[in-house]
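I opened this entry to keep a record of what I looked up in the structure, beginning with the surface and ending with the charged pairs.

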Amino acid sequence: MQGELETILDALIDCRFDDDPTGPDVFMDMRTLVTIRNVVDALTAAGAGHLDRLGVAQRHGHKPIALLIEMGYAPSVAARMQRIGTSAVVERTLKHAADGAISGEHVDAIVRGLNQIGLVRGRLRMLRPGLSSRVICWRRCCRGPSLLR
């Protein structure tokens with residue numbers, strides 16, 4: 001993948017908007033750029049997961065997020081990439097994001113939501129075995145949770 005990425009990077013660096021653009025042209029270019037960014041987000045999250053599984057940061061005396069920050073990521077972005085790349089549902093989640101249809105921020109929200117559901121299910125399972133197979137539904141009238149079978 002290394003040589004391919006270098007070629008893509010060189011092509012993107014050379015890209016410029018036309019001197020006399022039209023609205024529709026700029027709009028289409030922006031849509032394409034957003035898709036490229038989303039694909040890059042998915043790839044970098046997968047890369048962060050690979051770095052973590054390979055123990056690259058630990059071998060050099062760093063935490064995984066610190067390694068990503070050292071590579072040039074802002075701390076919040078490094079944390080997001082690490083969270084996505086090391087999630088239990090990374091393969092399924094990134095498969096849906098690989099075509100650029102979902103942004104890294106949206107993928108992170110999905111991962112955080114699934115993690116929260118897992119935490120709640122784990123707590124409920126500890127309190128009442130068998131409860132995790134039920135769906136918890138919060139009523140809009142604020143009466144609290146109701147258990148549906």
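**Surface, fold and salt bridges**

I began with M30, which is partly exposed at a relative accessible area of 41%, on a scale where buried means under 20%, exposed over 50% and partly exposed in between (1.4 Å probe, protein chains only). The model is a predicted one, in which local features need pLDDT of at least 70 and side-chain atom pairs count only at pLDDT 80 or more, while totals for chains, interfaces and linings use all residues. Residues are numbered from 1 along each chain as its sequence is written, and side-chain values use heavy atoms, with hydrogens and water left out.

I placed M30 in helix 2, taking helices (H or I, at least four residues) and strands (E, at least two) as DSSP runs numbered from the N terminus. I then noted a nonpolar surface patch of about 880 Å², whose members include M1, L5, F17, M30 and L43. For patches I used residues with over 30% relative accessible area and no salt bridge, joining like charges within 9 Å and nonpolar side chains (Val, Leu, Ile, Met, Phe, Trp, Tyr) within 5 Å. Helix 1 and helix 2 each supply at least two residues of this nonpolar patch, and helix 2 gives the most to it, with 5 residues.

I also looked up a patch of negative charge on the surface, where D18, D19, D20, D25 and D29 gather; Asp and Glu count as negative and Lys and Arg as positive, with His and the chain ends not counted, and the place of a charge is taken as NZ of Lys, CZ of Arg, CG of Asp or CD of Glu. D20 sits in the loop between helix 1 (2-13) and helix 2 (23-54), and D20 is exposed, with a relative accessible area of 69%.

For the whole protein I wrote down 7 helices and 2 strands, in the order α-α-α-α-α-α-α-β-β along the sequence. Of its 149 residues, 23% count as buried. The protein exposes about 10,900 Å², of which carbon and sulfur atoms supply 61%, the areas coming from the Shrake-Rupley method with a 1.4 Å probe and, for residues, only the protein chains shown counting as cover.

I searched the whole structure for salt bridges (a side-chain nitrogen of Lys or Arg within 4 Å of a carboxyl oxygen of Asp or Glu) and recorded 5 of them. Which residues are linked in a network of salt bridges? They are R37, D41, R80 and E105.

D41 is buried at 10% relative accessibility, whereas R37 is partly exposed at 40%. Leaving out residues up to four places away in sequence, D41 touches M81, S103, G104 and E105, a contact being heavy atoms within 4.5 Å.

E105 and R80 meet through their side chains in a salt bridge of 3.7 Å, N to O. E105 lies in helix 7 and R80 in helix 5 (residues 75-85), so this pair ties together parts that are 25 residues apart in sequence. E105 is partly exposed at 33%, but R80 is buried at 13%.

My last entry is the salt bridge between the side chains of D108 and R112 (3.2 Å, N to O). D108 is buried, with a relative accessible area of 5%, while R112 is partly exposed at 42%.
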